[in-house]
2 protein chains.
Amino acid sequence: MKTLENFRIVLVEPQHPGNIGAAARAMKAMGLSDLALVAPRSFPHADASARAAGADDVLQAATCLDTLAEAVADCQLVVGASARARRLAWQNLDPRQAAQEACATAGKVAMVFGRERSGLRNDELDLCHRHLMIPANPEYASLNLAAAVQVVCYELRMAALGEQVPAQSSVGEQVELARVEDIEGFYTHLQEVLVASEFLDPEKPRKLMRRLRRLYNRAELETTEVNILRGILTALDPRKSQS
Amino acid sequence: MKTLENFRIVLVEPQHPGNIGAAARAMKAMGLSDLALVAPRSFPHADASARAAGADDVLQAATCLDTLAEAVADCQLVVGASARARRLAWQNLDPRQAAQEACATAGKVAMVFGRERSGLRNDELDLCHRHLMIPANPEYASLNLAAAVQVVCYELRMAALGEQVPAQSSVGEQVELARVEDIEGFYTHLQEVLVASEFLDPEKPRKLMRRLRRLYNRAELETTEVNILRGILTALDPRKSQS
């Protein structure tokens, strides 16, 4: 896994200290820790600490700088977040593309976010190698600053985890899928009980049994489940109560 | 593009009204508008409106309900967010997989988020067809509620915009997935018959019913199949033969 320590989040002139805290929390939850603040209006601040919840370590390690140029001086790739398409046809990436490019870069990568209201200035965007746009609702593209940081950090984590993300389940207890002959035994049992109850016409059992097979095959029955289902069939078998 | 109106965000017992507002803002920025609140502690509330910024229309249209079952009654697919892996190996999806599945579903889809501190209870997770886990830092998996909603809404938007993602299945006849209230009716019926047959101890029905729910939820029952299963239950009901 690409080390997430190579990714830096840069906030340029954040106005609300609460947003700095919420951004730190979003970073830490996604495994990032390198936060740089360019001329924050109020920092440190109680609101920042409150919203950071358990991510105060990220806040405490944050560096404060006067200009964006200083904040990204040691970076190989600088990606600037932009709320709207710019005049010049710069290369706009969505967060997923930006994260892939970040992961493919050897050195430090900075993801830069502008002021809550006005974003990044043109001279700041010019410092960036790539522009990033979160594909938002054109009628209401108003993402909260920390929410934008959350989305980008999430994509960085997803890209860094890469193929190692355990597809589908695999979390939790190990399950044993039933063997075909056990499942066939269940279908035979089911058909017998359905015929005995007169729900199924023994002359033409095909269609109903096919539908039921389709249902249970789709579920990919486990051994324990086949045992439960057969226990239920035995308990409900009308022949039992007649004997 | 798959219409984002088919997606509902459900917040179960949110404790901080500010989080409701921030969730509404996250939704609107991603083009979603259907918000359901289950027993919110304080709503409406000034903090909710403040954090919603320009998304008060989403707040005003939000529905308040007493139980999760009511909030998802008309949904074809219900995905529950879970912060940790559960004992039973339920099918865990990451937000991207969940969004793809949501887009491949014809009817209403609910994405369900639990309480800030404690998440969803087991009986609430049992109502869900799929479980969703945001792949977070194992040492600090503390996503803010609105941040989690933001990530999921972002993936829903990306999937809806993408559409090039080939939906699974889509081959063969068009099927109508059963609605949650129909499936719940089946579970109630199943439990009654199992108790009547003495297969299920009415004093402690939980574990067996959870296993059976897990099996049938995994199969994503169609309306026709629910009807067949209930027909079978009626035919096998031991109370019938006694009458």
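Analyst: Four bridges join strand S4 (residues 77–81) of chain A to strand S6(A), and the two run parallel. Strands here are DSSP runs of E of at least two residues, helices are runs of H or I of at least four, and both are numbered from the N terminus. Two strands pair if DSSP finds at least two bridges between them. Within this pairing, Gly80(A) stands opposite Val112(A) in S6(A).

The model is predicted, so local features need pLDDT of at least 70 and side-chain atom pairs count only at pLDDT 80 or more, while totals for chains, interfaces and linings use all residues. Residues are numbered from 1 along each chain as its sequence is written, and chains are lettered from A and ligands numbered from 1 in the order in which they are written.

Strand S6(A) also has strand S1 (residues 7–12) of chain A as a partner: five bridges join them, and they run parallel. In this pairing, Ile9(A) stands opposite Met111(A).

In a regular strand the side chains alternate between the two faces of the sheet. In S6(A), Val109(A), Met111(A) and Phe113(A) point one way, whereas Ala110(A) and Val112(A) point the other way, and all are buried. A residue is buried if 20 or more other C-beta atoms, placed from the backbone, lie within 10 Å of its own, exposed if 12 or fewer do, and partly exposed in between. Because five of the five residues of S6(A) (residues 109–113) are buried, the strand is largely enclosed by the rest of the structure.
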